[in-house]
Amino acid sequence: MILQTEKILQGRYQLKQQLGQNAGRQTWLAEDLAAPSSRGSASVPAPVIVKLLAFSPQMEWDELKLFEREAQVLKHIKHPRIPQYRDYFSLDEEEGLGLPWFGLVQDYIPGSSLRQLLDEGKRFTEEQASRIATDLLKILIYLHELSPPVLHRDIKPSNIILGKNKRCYLVDFGAVQDRAKAEGVTFTVVGTSGYVPPEQLWGKAVPASDLYALGATLIHLLTGTAPADLPQHQMRIDFVGKV
C-alpha cells in the first residue's frame with residue numbers, strides 16, 4: 001500500500017479506511033479536518049471519499065483525461081442524490097512516495113451499494129425495484145437536461161448506493177461524458193459488460209444509453225443474475241423465465 005491509514009493529504013484529508021484498490025487507483029474513506037459536521041452534540045470532522053489516481057509510466061493517458069473530466073463535471077453538478085464535489089488536487093512525487101498522484105474528494109454517503117446487497121444474497125421485489133427506478137430516473141432527468149447533457153455511462157449496481165435513509169444515490173462518475181466535448185471526437189469506450197448498450201461500444205453514447213444501463217441494472221436486481229450471464233435473443237436480454 002502506497003498511502004497509509006491516518007496520513008493527512010493537503011493538510012486536511014486524513015485517510016481512515018481503504019475501500020478499494022486496482023491498477024494505480026485507490027479509494028479511501030477519510031475525514032475532512034477543515035470541515036466539521038455535527039454528530040449528536042459534538043462537532044467532528046466530516047466524512048469524505050477520496051479517490052486517488054497514480055500517474056505511473058504504465059498508465060494510459062486516457063485514464064488521466066477521464067479522471068480530470070470527472071472532477072470538472074462533478075464541480076458543476078448540484079443534486080441531493082449525487083455526492084457533492086469538494087476538491088481536486090495533486091500530490092508531488094515526494095509526498096506520493098515516488099509517484100505523482102491526483103485526488104478527487106466528494107461527500108461520503110453512508111449505506112451499501114446495490115452490488116453489496118446482491119452479493120449478500122438480497123433479492124429485490126418488484127415494488128423495491130420500481131422505487132429504485134424512480135429514484136434513478138429523477139437523477140438521470142437532471143443530468144440529461146443539463147446544458148450540455150451529462151451522460152453517466154456506467155450505471156450498474158456497484159455505482160448505486162442505497163443510503164441509510166432508504167434513498168438511492170448515483171456515484172462514480174469516472175466514465176462520465178459531457179456531450180458537448182464528445183461530438184465528432186473519438187473518446188475512450190467505457191462501461192461494464194452486460195450493462196452497456198451496443199451504441200456505447202461504438203463510442204456513440206446518448207441519453208438513452210443510460211436508460212439501457214438502468215434497465216439492465218433492474219433486471220439484475222429482480223433476477224439476482226448479472227445481465228452478462230443471462231441469455232440474449234435478437235439483442236434483447238431474455239430474463240422473463242428468471243423472475
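In this predicted model, arginine 86 and aspartate 107 are joined through their side chains by a salt bridge with an N to O distance of 2.4 Å, a salt bridge being a side-chain nitrogen of Lys or Arg within 4 Å of a carboxyl oxygen of Asp or Glu. Because arginine 86 belongs to strand E5 (residues 85-91) and aspartate 107 to strand E6 (residues 101-107), the pair ties together parts that are 21 residues apart in sequence; helices (H or I, at least four residues) and strands (E, at least two) are DSSP runs, numbered from the N terminus. Arginine 86 is partly exposed, its relative accessible area being 31%, and aspartate 107 is likewise classed as partly exposed, at 24% relative accessibility, where buried means under 20% relative accessible area, exposed over 50%, and partly exposed in between (1.4 Å probe, protein chains only). Both residues also take part in a network of salt bridges that links Arg12, Asp32, Arg86 and Asp107.

A further salt bridge brings together the side chains of lysine 51 and aspartate 172, with 3.2 Å from N to O. Since lysine 51 is found in strand E4 (residues 42-54) and aspartate 172 in the loop between strand E10 (168-170) and strand E11 (177-178), this pair ties together parts that are 121 residues apart in sequence. Lysine 51 counts as buried, at 11% relative accessibility, whereas aspartate 172, at 32%, counts as partly exposed.

In another pair, lysine 16 forms a salt bridge with glutamate 6, and their closest N and O atoms are 3.0 Å apart. Lysine 16 lies in strand E2 (residues 13-22) and glutamate 6 in the segment before strand E1 (8-9), so that the two partners are ten residues apart. Lysine 16 is partly exposed at 30% relative accessibility, and glutamate 6 is partly exposed with a relative accessible area of 39%.

For the structure as a whole, ten salt bridges are found, and the secondary structure of the protein chain consists of six helices and 13 strands. The protein chain has 243 residues, of which 43% count as buried.

Residues are numbered from 1 along each chain as its sequence is written, and side-chain values use heavy atoms, with hydrogens and water left out. As the model is predicted, local features need pLDDT of at least 70 and side-chain atom pairs count only at pLDDT 80 or more, while totals for chains, interfaces and linings use all residues.
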